[in-house]
Amino acid sequence: MPSKAILLTAAIAFSGVLAAPAEATTASSPQSICGSGFGLVSDGTRPVKTQRGERYGTVYLLYNRGTGENCVVTVKSRFIGSKTQMSARLTVMHKARNQKQDSIVRIDAGKFGQYAGPVKYWAKNACVQYWGTIQATSGSIAGGGRTSWGNCG
């Protein structure tokens with residue numbers, strides 16, 4: 001019996017529209033992953049590295065001035081196409097940093113071939129942290145991002 005992906009592709013092709021499944025789409029830039037209106041913020045690009053310094057990719061923080069949303073994506077530079085465990089995390093703090101409150105955390109995690117995310121959340125006049133992880137095919141894990149609060153406002 002044909003797989004669901006083959007049947008879906010055949011159905012799309014038959015209808016006159018040919019589209020690749022989302023997983024097969026190549027990520028050309030973090031902006032294309034987050035969508036229209038998003039741009040990189042200052043301090044919005046960090047390497048995703050192992051403890052030994054091997055770089056597996058990059059985690060990006062973007063912002064949309066029109067909607068007030070932040071967006072985080074983690075993009076592989078190694079193991080592209082191999083579905084490995086990855087994550088993109090955005091943490092938002094809406095009140096002043098010296099007041100007690102719970103932060104808002106949004107995560108996209110799973111086995112992906114190219115990128116994790118986009119993780120979006122409204123963060124106008126808020127402070128954010130961002131983090132990304134990529135697991136190698138061998139099992140070693142790389143991480144990177146910013147754990148201090150930044151881009152407040």
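Mentor: Happy to. Along the sequence, the order of elements in the protein chain is α-α-β-β-β-β-β-β-β-β. That gives two helices and eight strands. Helices (H or I, at least four residues) and strands (E, at least two) are DSSP runs, numbered from the N terminus. Keep in mind that this is a predicted model, where local features need pLDDT of at least 70, side-chain atom pairs count only at pLDDT 80 or more, and totals for chains, interfaces and linings use all residues. Residues are numbered from 1 along each chain as its sequence is written, and side-chain values use heavy atoms, with hydrogens and water left out.

Trainee: What makes Cys34 and Cys71 a disulfide?

Mentor: A disulfide is a pair of cysteine sulfur atoms within 2.5 Å. For Cys34 and Cys71 the S to S distance is 2.0 Å, so the pair meets the definition. By this rule the count comes to two disulfides.

Trainee: Why is the disulfide of Cys34 and Cys71 called left-handed?

Mentor: Its torsion about the S-S bond is about -85°, and therefore it is left-handed. Cys34 sits in helix α2 (residues 30-34) and Cys71 in strand β3, so the pair ties together parts that are 37 residues apart in sequence.

Trainee: Why does Cys34 count as buried?

Mentor: Buried means under 20% relative accessible area, exposed over 50%, and partly exposed in between (1.4 Å probe, protein chains only). Cys34 has 3% relative accessibility, so it counts as buried. Cys71 counts as buried too, because its value is 0%.

Trainee: Which cysteines form the other link, and what is its handedness?

Mentor: Cys127 is joined to Cys152, with S to S at 2.0 Å. There is 120° about the S-S bond, and the link is right-handed. Cys127 lies in strand β7 and Cys152 in the segment after β8 (141-150), so this pair ties together parts that are 25 residues apart in sequence.

Trainee: Why is Cys152 called partly exposed?

Mentor: Its relative accessibility is 39%, so it counts as partly exposed. With the bonded cysteines numbered in sequence order, the pairing reads 1-2, 3-4.

Trainee: What makes Tyr56 and Phe79 an edge-to-face pair?

Mentor: Rings of Phe, Tyr and Trp (its six-membered ring) pair if their centres lie within 6.5 Å; planes under 30 degrees apart count as stacked, over 60 as edge-to-face and the rest as tilted. The rings of Tyr56 and Phe79 are 4.9 Å centre to centre with 90° between the planes, which is edge-to-face. Tyr56 belongs to strand β2 (residues 55-64) and Phe79 to the loop between β3 (69-76) and β4 (84-93), so the pair ties together parts that are 23 residues apart in sequence. Both residues are buried.

Trainee: Which residues touch the most other members of the largest nonpolar core?

Mentor: A nonpolar core is a set of buried Ala, Val, Leu, Ile, Met, Phe, Trp, Tyr and Cys residues joined through side-chain atoms within 4.5 Å. Of the 21 residues in the largest one, Tyr56, Leu61, Val72, Leu90, Val92 and Val128 touch the most other members. Two or more residues each come from β1 (38-49), β2, β4, β6 (115-122) and β7 (127-135). Another core, of eight residues, lies apart from it, with Ile33, Cys34, Val73 and Val75 among them.

Trainee: How much of the protein chain is buried?

Mentor: Buried residues make up 35% of its 153 residues.
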